[in-house]
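Trainee: I've just opened this one and would like a walk through it. Could we take it by question and answer?

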Amino acid sequence: MSYHKLNIHKHSVDSPYKMQEEFIEYIDAVATGNKVMAIQELSDIYGCLENEIRKYGMDITDLKTMSDLTKEVFKSGTRTQENFLDYLQRTCDR
């Protein structure tokens with residue numbers, strides 16, 4: 001007996017494939033109409049993200065910062081582009 005209809009391969013908590021496992025479990029929960037299990041799987045995905053982010057010496061707030069920036073870029077409909085040489089000259093002191 002299993003919670004899921006699909007046969008989903010299990011991965012170690014330290015593996016980046018753990019996110020894929022949890023995402024497939026989320027899709028399975030949505031497909032079966034189990035909202036409670038879907039929320040549980042989203043929670044598991046969140047935990048996987050936290051674990052992966054720690055590997056880079058960061059935390060979930062760093063991911064949120066990047067996500068917010070991406071939302072603003074897509075909301076504005078444009079991405080700022082600068083000439084490569086101008087960029088190098090402007091940032092050479094860093």
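Mentor: Let's start with a term: buried means under 20% relative accessible area, exposed over 50%, and partly exposed in between, using a 1.4 Å probe and protein chains only. This is a predicted model, where local features need pLDDT of at least 70, side-chain atom pairs count only at pLDDT 80 or more, and totals for chains, interfaces and linings use all residues. Residues are numbered from 1 along each chain as its sequence is written, and side-chain values use heavy atoms, with hydrogens and water left out.

Trainee: Is V30 buried, partly exposed or exposed?

Mentor: V30 sits in helix 1, residues 17–31. Its relative accessibility is 45%. That lies between the 20% and 50% cut-offs, so V30 counts as partly exposed.

Trainee: Which secondary structure elements does the protein chain have, and in what order?

Mentor: Helices (H or I, at least four residues) and strands (E, at least two) are DSSP runs, numbered from the N terminus. The count for the protein chain is four helices and zero strands. From the N terminus on, that reads α-α-α-α.

Trainee: Is the protein chain a compact globule or more spread out?

Mentor: The radius of gyration is taken over C-alpha atoms, and the globule rule is 2.2 Å times the number of residues to the power 0.38. For 94 residues the rule gives 12 Å, while the protein chain has 19 Å, well over that. The C-alpha trace spans about 65 × 30 × 20 Å along its principal axes.

Trainee: What percentage of the residues of the protein chain count as buried?

Mentor: The protein chain has 94 residues. With buried meaning under 20% relative accessible area, the share is 19%.

Trainee: Where is confidence highest in the protein chain?

Mentor: pLDDT is the predictor's confidence in each residue, from 0 to 100. The mean for the protein chain is 88, and 93% of its residues reach 70 or more. Confidence is lowest in helix 4 (residues 84–91), at a mean of 84. The highest mean, 96, belongs to helix 2, residues 35–54.

Trainee: Which residues is N51 in contact with, leaving aside its neighbours within four places in sequence?

Mentor: N51 is found in helix 2 and is buried, at a relative accessible area of 16%. Contact means heavy atoms within 4.5 Å. With those sequence neighbours set aside, the partners of N51 are V13 and D14.

Trainee: And which residues does I60 contact, with the neighbours within four places left aside?

Mentor: I60 lies in helix 3, residues 60–76, and counts as partly exposed at 23% relative accessibility. Beyond its neighbours within four places, I60 touches Y46, L49, E50 and I53.

Trainee: How far apart are the C-alpha atoms of D44 and K18?

Mentor: D44 has its place in helix 2 and is partly exposed, with a relative accessible area of 24%. D44 and K18 are 26 residues apart along the chain.
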